[in-house]
Amino acid sequence: MTSAVDRTSGYYDQRLETLSPEERAAYQNAELQRIVQHAYTNAPAIKKKLDKSNTKPGDIQTVKDLERLPITHKHELGELQQSEPPFGGFLGVPMDRLKRICMSPGPIYEPEEIHSQNDRWTQAFFAAGFRKGDIGQITFSYHLVPPAFWFEDALHRLECVATPGGVGNTELQVRMMHDLKVTGYIGTPSFLVAISKKAGEAGYDLQRDLSIEVGFVAGEMLPESLRSELEESFGMIVRQGYGTADVGCLSYECYHKEGMHFPYNCIVEIVDPDTGRQLGPGETGEVVATVFDEAYPMIRFGTGDLSYYTDEPCACGRTTHRLTKILGRLDQVTKVKGMFIHPSNADEVATKFPEIDRYQVVVTRKAHVDEMTFTVELKEGCEATEELAEQIEEAIPNSMRVRGSVEFLDRDTLPEEYKKIDDRRKWD
Ligand SMILES: [Zn+2]
């Protein structure tokens, strides 16, 4: 199925998505001042947060000033909601201005305003390639949790039609896609795989009998190999986005898929979890979000996810910075030479070398300096050469941004169960 629709260029809001750095700073600072003032006046939890850190709303003038404030994590949000039900003091508007209240695991209640100005997922959908007139099938859950509703709102803002598939019922969903000539898929990558299998069983040819041209996926890792497999088999574009139930959309891919752009209307900081300080491009830290939603004004919400961002220009013309990718969870990281490393960084190194069977990253400390050793067991028949060690050593800083040495182990040296990163440093 080839389409006359241009899904690869353009903007949802050209002006705001292509601001210069100075214009963006001015826009974000003004929005930040407005939401901090609003939240301080209307949401008691935010007033407490500022009071505790001896900060007046007027002290928060720029994004940099956010460093004055502590980071609120999901578990704290849950505790606060339990002690002050239902919203823990985070509701920033009267109840009758809400259109929906969802419940995420915790439980945590998420209120949403009738006339919400939040179009962050809409930016994501446009960048993925959704256009006016698309029929988008939403295969996320319509029970309790917010994503399916957000994505429906995003489709409506783009003047698209939604078909609410929900979770499961794969056969019926395939039927619906076929009969209604659905052009867009919204769901997890793995459910799209399930759809392709079921469609095959039903005797459908994915490109001749279905009309899917564009997909927005979230909620799972999207390996490049899976992406290209899906794009080729359906003849579609697959792009991903990232967000959390508490704060909504925080980044999304454009056609050029070189990282995920920040929406123009929120603030995403990458923060050193130890100090709360903002980090620069390329430095790994926690993703911390401040959103401008009056109903649920999260100021410095810590996602617990690790990533880093780039400020390199993007071929799409959007000027917002981009998250490279989500590296993993904060509670699984180890800090080496001041950089956070995560098992997924090490996996990235290992997958580049088919010779590697199993590996373990060992972190030690000599004379107050961290050392990292990539210990490797090779596959049967592979030779431990100096050349291979050098190649791996070259690949390590690309994925882990810390240098390390390689040590080959005999096969079966590592126990059956072992940690991918073994921190052997002793601190006294
Ligand atoms: Zn781009």
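Predicted model: local features only at pLDDT ≥ 70, side-chain atom pairs only at ≥ 80, totals over all residues.
P86 is found in the loop that runs between α4, residues 74–83, and β2, residues 98–104. Most peptide bonds are trans, and most residues other than glycine have a negative phi.

Where does K181 lie, and what is its phi? K181 is found in the loop between α7 (170–180) and β6 (184–187), and its phi is near 55 degrees, a positive value in a residue other than glycine. The side of K181 that concerns solvent can be stated as well: K181 counts as exposed because its relative accessibility is 55%, and the cut-off for that class is over 50%.

R401 likewise has a positive phi, near 60 degrees, and is a residue other than glycine. R401 lies in the loop between α11 and β21, the latter covering residues 405–409. With a relative accessibility of 22%, R401 counts as partly exposed.

Helix α11 comprises residues 386–400, and E387 lies in it. E386, E387, E390 and E394 gather on the surface in a patch of negative charge. Is E387 buried or exposed? E387 is exposed, because its relative accessible area is 55% and the class begins at values over 50%.

## Salt bridges

The structure holds 38 salt bridges, and a few of them are described here. In helix α3, which covers residues 44–52, K47 and D51 lie 4 residues apart, about one turn of the helix, and their side chains meet in a salt bridge with an N to O distance of 2.8 Å. K47 is partly exposed at 35% relative accessibility, and D51 is also partly exposed, with a relative accessible area of 34%.

K64 forms a salt bridge with E67, and the closest N and O atoms of this pair are 3.1 Å apart. The two partners fall into separate accessibility classes: K64 counts as partly exposed at 48% relative accessibility, whereas E67 is buried because its relative accessible area is 17%, which is under the 20% limit.

The side chains of R239 and E231 also meet in a salt bridge, at 2.9 Å from N to O, and here both residues are buried. Which residues are linked in a network of salt bridges? The network is formed by E31, R34, R97, E113 and E294.

N29 has its place in helix α2, which covers residues 21–42. N29 is buried, because its relative accessible area is 16% and the limit for this class is under 20%. When neighbours within four places in sequence are left aside, N29 is in contact with Q61, T62 and V63.

## The loop around S141

S141 is placed in the loop between β4, residues 135–138, and α6, residues 147–157. S141 counts as partly exposed because its relative accessible area is 22%, a value above the 20% limit under which a residue is called buried. Apart from its neighbours within four places in sequence, S141 is in contact with A148 and V167.

How far apart are S141 and G187 in sequence and in space? They are separated by 46 residues in sequence, and their C-alpha atoms lie 9.3 Å apart.

Methods:
Residues numbered from 1 in each chain as written. Heavy atoms only, no water. Patch = residues over 30% accessible without salt bridge, like charges linked within 9 Å, V, L, I, M, F, W, Y side chains within 5 Å. Areas by Shrake-Rupley, 256 points an atom, 1.4 Å probe, with all protein chains shown as cover. Salt bridge = Lys/Arg side-chain N within 4 Å of Asp/Glu carboxyl O. Lys, Arg positive; Asp, Glu negative; His and termini not counted. Charge placed at Lys NZ, Arg CZ, Asp CG, Glu CD. Helix = DSSP H or I, 4+ residues; strand = E, 2+ residues; numbered from the N terminus. Buried < 20%, exposed > 50% of the residue type's maximum accessible area, 1.4 Å probe, protein only. Contact = heavy atoms within 4.5 Å.
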